[in-house]
Amino acid sequence: MRDLTNFGRNIRFEPRRRYAPRTDDEILQILNDHRGGTIRVVGAGHSWNPGIESQDVLIDLKHIRHMHVNTDRTCVTAGAGVRIGALLKHLSRRRLTLPSLGLIDRQTIAGAVATGTHGSGRHSMSHYVERMRIACYGADGTATVRTVDSGATLRAARCPVGALGVVLEVTLPCVPQYYVRERCRWRPGLDAVLEREAEAPLQQFYIMPHAWTYLAHERRVAATNRRAGGAALYRVYWLTLIDVLLHVCVKFCASLMRSRRLVHVLYRRLLPAFIFPRWRVTDRSDRQLLMRHDLFRHLEMEVFVPREHLAAAVDFVGEVLRAADDEDHELSPAVRSEVDSLGAGAALKGLRGSFVHHYPICVRRVRPDDTLISMASCHGMEGQGWYAISLITLTEPRERFLRVAAFLAGAMASLFGARLHWGKWFPLDAGLEGGQVVRCYPGLAAFREICDEFDPRGVFRNEFARRTLFSR
């Protein structure tokens, strides 16, 4: 049996047994046959942490791909192995779509829900789950199928991180297809970006490294459902310029040439010349809100911070990346004070001059989720909105990026109550690193109790799950 490798090529393992079942009965039989081992599930493999790793049993849900829209066209039920792109096409033929979309459509629906996948300006996909069928274990240790549709159990199942069992199908609401009006604009700073949120509630924005300028994708639902502004041409322009050409330039400057100076020139001189801020365009939501972010292999860590800490968190990330780029960079007084409060001066000194960040820092707003442990969970933090700060590297080897990212993860968890995306690189532990995971997720204790009910023997807990969710 050949090794299984994830999209980012940073996870590689060989399970003892690998299954690709087609029916519920087959899955229940697998669970009964391996109730004394460790079972994990793989979808699209579009994650950067070891959540799918199992040296024992791995279940591939690629054949569980049924889709059904209910008669009143208000919800859709999809098999766990359905890719989001296929589901969107299925809905589009009926002039419907999902209420929230992530940045790409290559993940399976179960994988996206399991990790809290999100877009910008709305809740994560997990928040919208209305019902879920899960193959798990009963109190007697026998495999069974449970339908979850209410209460704390549903809030746990909405973002289960693979710890409740094998998700068989997910039911989500669907909404009439809508169009999005978009404009890219350079903004002088964070305050200017946030001022536009009321008028552009779906916006996301990028912080350009080394230039430290802000580019906002100002987005809102269009007044009418029709294309405008040369939508087809805009898609070609964005695919060519950002999804392909920018990545090629980054790979050339940072990976091939390994040139700090070329990376600086790219963001300070070249990229601004190719952004057309006066271009307004309107297109269908599932075209306008998605990107081909999967064309180039990369590794990503995404950090969620509450709205009240966004400005300080953005400043902290920028200052740390400046110091990593330039060993002589003088930290701002605020960040220096934060680093000193953590006793992290020596750790930061070890990063100075070690890494040139080479990819735009994407920031997206996520509304509070009705879940227990999604990154935007409102459990115990009612009313709190969240912002996701994404850090990406296209270079290999990745050790220098990982050292900087790990420093940022630990420091931001302690300073700002930051949460890490469950589907991306995740260097924190539940019981280690000062207990950041436990401290940042008030719903974790309730989640653990429900996991114990669904999985009394801990069959679905691999090393990653034990390290991040169950370490005490």
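**Reading pockets and salt bridges**

Reader: Which elements each supply at least two residues of the lining of the second largest pocket?

Author: Those elements are α7 (260–273), α9 (310–325) and α12 (399–416), where helices are DSSP runs of H or I with at least four residues and strands are runs of E with at least two, numbered from the N terminus. A pocket is an open set of points on a 1 Å grid over the protein atoms alone, where a 1.4 Å probe fits, with protein on both sides within 12 Å along at least five of seven lines, and its lining residues have an atom within 4 Å of a point. Here 18 residues line the second largest pocket, and Ala 254, Arg 258, Phe 355, Val 356 and Arg 400 lie nearest its centre. The model is predicted, with local features needing pLDDT of at least 70 and side-chain atom pairs pLDDT 80 or more, while totals for chains, interfaces and linings use all residues. Residues are numbered from 1 along each chain as its sequence is written, and side-chain values use heavy atoms, without hydrogens or water.

Reader: How should I read a salt bridge, and how many are there by this rule?

Author: Side chains of opposite charge can pair when their charged atoms come close. The rule asks for a side-chain nitrogen of Lys or Arg within 4 Å of a carboxyl oxygen of Asp or Glu, and the count is 27. In one of them, Arg 196 and Glu 218 meet at 3.3 Å, N to O. Because Arg 196 lies in the loop between α5 (190–194) and β14 (204–208) and Glu 218 in strand β15, the pair ties together parts 22 residues apart in sequence.

Reader: Is Glu 218 buried or exposed?

Author: Buried means under 20% relative accessible area, exposed over 50%, and partly exposed in between, using a 1.4 Å probe and protein chains only. Glu 218, at 5%, is buried.
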